[in-house]
Amino acid sequence: MEKKAGKEEAVELLGKTVENKQIIFKGYIEGIPEETDMELRIGKKLQLEKVPKGSGFTGWEEYSLIYKTEQLRKIQADDIPLSYHVGLLGMPGFTAYAGFYEVCTPKRGEYVFVSAASGAVGQLVGQLAKLHGCYVVGSAGSKQKVDILKDKLGFDGSFNYKEEADLDKALKSHFPEGIDIYFDNIGGSMLDAALINMRINGRIAICGMVSQQSFSDRQGIHNLIQLITKRVKMQGFLQSDYLHLFPRFLEDVTSLCKEGKITYLEDMNEGLESGPSAFVGLFSGKNIGKQVIRVAHN
């Protein structure tokens, strides 16, 4: 969740007690959530003492009382949009950076496939791969997203996985010589198809499993023998495993952004009230790029 407060507004609110709107889940959810699973409530009143700019995890609410400030990252004044600090320069961006460079260990000229490539993580993975001198193809779930991958983000190729009856055939058409690196954001049948198409000594970074949305109806993977015959390395990871690299990431990606070498897409919704519909839209691929809820304007 992104929280913004303008300077004049912040000064006016200091020392005042305010009502706090919150989005909460009504109960346990199995499978894909619906808007009716959430509701907007007025939480406990808060007295505001400081309104700093920072980035970190909070509740879905207008104001948050932070007890452990070391868990947040203070944002320095810059000309980069504030919202980028919850996307490009935040956890999604760092996930892409650490996963691609540390898990995938890319080499110039390698063949890279990225699933969910128009999302908050995938779009940066693809662009980092291109900057590294790789051939990059991404998959997405609509014609609009597929076009964006090539026209705006600079991917060499892209395809709509929803229109492909045979994912193995689709991958072979884009990678006739096989895949060196697969950055996996969805798991399931796409991972199975990618395994068949991996090259010897290929690497698979397991970043997400968005296709496995139900705890009671999980899909199995059938082509794991490819890990043996092709000596493929498949590794799951969390960005928190690489926090020692965060300063370097921030410096590198900030520079690339300011130099215009990276394009970052956001899907901005206005107001806390839009939270439930925006969240539900993530599971149907409604958003393009990083989904952000703007609570207030700066």
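**Stop 1: salt bridges**

Select K130 and D156, whose side chains meet in a salt bridge with N and O 3.0 Å apart. K130 lies in helix α3 (residues 122–131) and D156 in the loop between α4 (143–151) and β9 (157–160), so this pair ties together parts that are 26 residues apart in sequence. K130 is partly exposed, at a relative accessible area of 30%, and D156 is partly exposed as well, at 31%. Keep in mind during the tour that this is a predicted model.

How many salt bridges does the structure hold? The count is eight, and two others are worth a visit.

Select R203 and E110. Their closest N and O atoms are 2.6 Å apart, and the two residues form a salt bridge. The pair links distant parts of the chain: R203 is in strand β11 (residues 198–206), while E110 is in the loop between α2 (91–103) and β7 (111–114), and 93 residues separate them. Are these two residues buried or exposed? R203 is buried, with a relative accessible area of 8%, and E110 is buried too, with 10%. Both count as buried because their values fall under 20%.

Now select R41 and E39. This salt bridge has its closest N and O atoms 2.5 Å apart. R41 is partly exposed, with a relative accessible area of 46%; E39 is partly exposed, with 25%.

**Stop 2: aromatic rings**

Next, turn to the rings. The structure has 14 aromatic pairs. Select F113 and F159 to see a stacked one, with 5.9 Å from centre to centre and 15° between the planes. F113 lies in strand β7 and F159 in strand β9, so the pair ties together parts that are 46 residues apart in sequence. Both F113 and F159 are buried.

How are the rings of F113 and F175 arranged? This aromatic pair is edge-to-face, with 6.1 Å between the centres and 70° between the planes. The pair also links distant parts of the chain: F113 is in strand β7, F175 is in the loop between α5 (167–174) and β10 (179–184), and they are 62 residues apart. F113 and F175 are both buried.

For a group of rings, select F94, Y97, F100, Y101, F246 and F249. Ring pairs link these residues into a cluster.

**Stop 3: nonpolar cores**

Select L88, F94 and F183. These residues have the most contacts inside the largest nonpolar core, which has 43 residues. Which elements give two or more residues to this core? They are α2, β7, α3, β8 (135–140), α4, β10 and α8 (246–258). Colour α2 separately: the largest share of the core, six residues, comes from this helix.

Leaving out residues up to four places away in sequence, F94 touches Q239, Y242, L243, L245, F246 and F249.

To finish, select V137, F159, L167 and I179. They are among the 19 residues of a second, separate core. F159 is also the stacking partner of F113 from the second stop.

Key: Residues are numbered from 1 along each chain as its sequence is written. This is a predicted model: local features need pLDDT of at least 70, side-chain atom pairs count only at pLDDT 80 or more; totals for chains, interfaces and linings use all residues. Side-chain values use heavy atoms; hydrogens and water are left out. A salt bridge is a side-chain nitrogen of Lys or Arg within 4 Å of a carboxyl oxygen of Asp or Glu. Buried means under 20% relative accessible area, exposed over 50%, partly exposed in between (1.4 Å probe, protein chains only). Helices (H or I, at least four residues) and strands (E, at least two) are DSSP runs, numbered from the N terminus. Rings of Phe, Tyr and Trp (its six-membered ring) pair if their centres lie within 6.5 Å; planes under 30 degrees apart count as stacked, over 60 as edge-to-face and the rest as tilted. A nonpolar core is a set of buried Ala, Val, Leu, Ile, Met, Phe, Trp, Tyr and Cys residues joined through side-chain atoms within 4.5 Å. Contact means heavy atoms within 4.5 Å.
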